[in-house]
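Keep the sequence and the 3D view open side by side. The tour starts with annotated positions and then turns to pockets.

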Amino acid sequence: MKYQHRKRAIILLEDGTIFYGKSVGIEGTTFGEICFNTGVTGYQEIFTDPSYYKQIMVSTTAHVGNYGVTDVDTDSSDIQIAGLVCRNFSYTYSRPAATDSLYNYFEKKGLVAVSDVDTRALTAHIRDNGAMNAVISTDGKSVEELKALLTEVPSMEGMELASKVSTKEPYFFGEENATYKVAAMDFGIKTNILRCLAERDCYVKVFPYNSTKEQLDSFNPDGYFLSNGPGDPQPLTEVVKEVTKIIQSSKPVFGICLGHQLIALSHGVNTYKMFNGHRGINHPVMNINTGKGEITSQNHGFAVVREEVENHADLEISHYHINDNTVAGIRLKNKPVFSVQYHPEASPGPHDSRYLFDDFVENMKAQKQG
């Protein structure tokens, strides 16, 4: 088999640093912003999360592929990462529920993956030097060739990617006779978000990222959902205008990650590219209202400017990241609108923040009764 004769692979970072590993058996060269995820489980959910589009993922856990793959664990219809770097890649799996190996899953999609890498050293380098573009190559290209190609890769800052991962046509999710109707704007929505809404008696119509408020209102929704997604939120100027109209309607609104950032931008609060993003399933967040800490799943490279939220007349911070005090949640003081900079729908977990979906449903219930 191919993986029994694995070729040497190269990881070249934008700053010129080179790491070496071995190809898992799929030849090719791929580019993207290199980042790391500290989650020990949930690799298939990570690989299929549209928010990771155009990113090369470094897995900090020691083993990847050891429990195979299954259709149940996908968060979109395709693999979204640009490539994978890991320490140990398992070609065999022992999970009874698995339907295939990770190698076969990657091979069908042609995803370039590199193993046998000192991922601890690579992660430390990214952490100390910041997010940057990189290239991984398993097809024998020279370092000189790769350096020339890497100079042509644009920065993630200023890059609009929601249009690349959004649905092209509206579709429905859930039971048609559900109590609540939710219009969701798809900037890269994860399937488990839709499951969480459907489990709470919601019928969801998912709209393309560039839909107008009028188009969303044709569904006569009880509330609006603004999804997660990849890239820089600031280029989405037309979307921000529609988000402003949605919020002015006074109906309940719930935003996650990119949706959270768009709510901030609609109120004149800026976003910025982080030196290093938050990616993992063990990020501590403080809920200011309850005074309780939550362990959360996070995946973002942009954040909302905290000082601008604190000085805003209509916004307040609802959650903050305990490690670095960045804004992890905001809400409007005078409308049923709130958002968070993490993933309460996280699968396989943690589930500390699932209550946010309940809060959204309660807001729709209150409005229907009121």
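Predicted model: local features only at pLDDT ≥ 70, side-chain atom pairs only at ≥ 80, totals over all residues.

Residues are numbered from 1 along each chain as its sequence is written, and side-chain values use heavy atoms, with hydrogens and water left out.

Start with the record. An unreviewed UniProt entry places "domain: Carbamoyl-phosphate synthase small subunit N-terminal" at residues 7-137. UniProt positions are given in the numbering used here, feature names are shortened, and annotations may be inferred rather than shown by experiment. Over residues 7-137 the chain is 18% helix and 32% strand. The end C-alpha atoms of that stretch are 10 Å apart. Helices (H or I, at least four residues) and strands (E, at least two) are DSSP runs, numbered from the N terminus.

Which residues does UniProt list for "binding site"? The unreviewed entry gives S51, G229, G231, L258, Q261, N299, G301 and F302. They span 252 residues in sequence, yet no two of their C-alpha atoms are more than 13.4 Å apart, so they gather at one spot.

Look at G229 in that group. G229 sits in the loop between β13 (223-226) and α8 (237-248). Its relative accessibility is 13%, so G229 counts as buried. Buried means under 20% relative accessible area, exposed over 50%, and partly exposed in between (1.4 Å probe, protein chains only). Not counting residues up to four places away in sequence, G229 touches S51, F187, G188 and L258. Contact means heavy atoms within 4.5 Å.

Move on to strand β16 (residues 292-304), which holds N299. F302 lies in strand β16 too. N299 has a relative accessible area of 6% and is therefore buried. F302 is buried as well, at 5%. Leaving aside neighbours within four places in sequence, N299 is in contact with residues including D49, S51, C257 and H343. With residues up to four places away in sequence not counted, F302 touches G231 and Q261, among others. F302 and S51 are 251 residues apart in sequence and 11 Å apart in space, C-alpha to C-alpha.

Now the pockets. On a 1 Å grid over the protein atoms alone, a pocket is an open set of points where a 1.4 Å probe fits, with protein on both sides within 12 Å along at least five of seven lines; lining residues have an atom within 4 Å of a point. Grid points are joined across faces, edges and corners, and a volume is the space filled by probe spheres set on the points.

The largest pocket holds about 320 Å³ of space. Its lining has 20 residues, and P50, S76, S77, Q80 and V165 lie nearest the centre. Domain 1 (8-151) and domain 2 (162-369) each give at least three residues to this lining. Those domain bounds come from an automatic or database domain assignment. Helices α5 (162-165) and α6 (191-198) each supply at least two lining residues. By class, the lining has 8 nonpolar, 7 polar and 5 charged residues. Ala, Val, Leu, Ile, Met, Phe, Trp, Tyr, Cys and Pro count as nonpolar, Asp, Glu, Lys and Arg as charged, and the others, Gly among them, as polar.

The second largest pocket holds about 220 Å³. Of its 13 lining residues, H319, R331, F338, L356 and D359 are closest to the centre. β17 (315-321), β19 (337-340) and α11 (355-369) give two or more residues each. α11 gives the most, with 4 residues.
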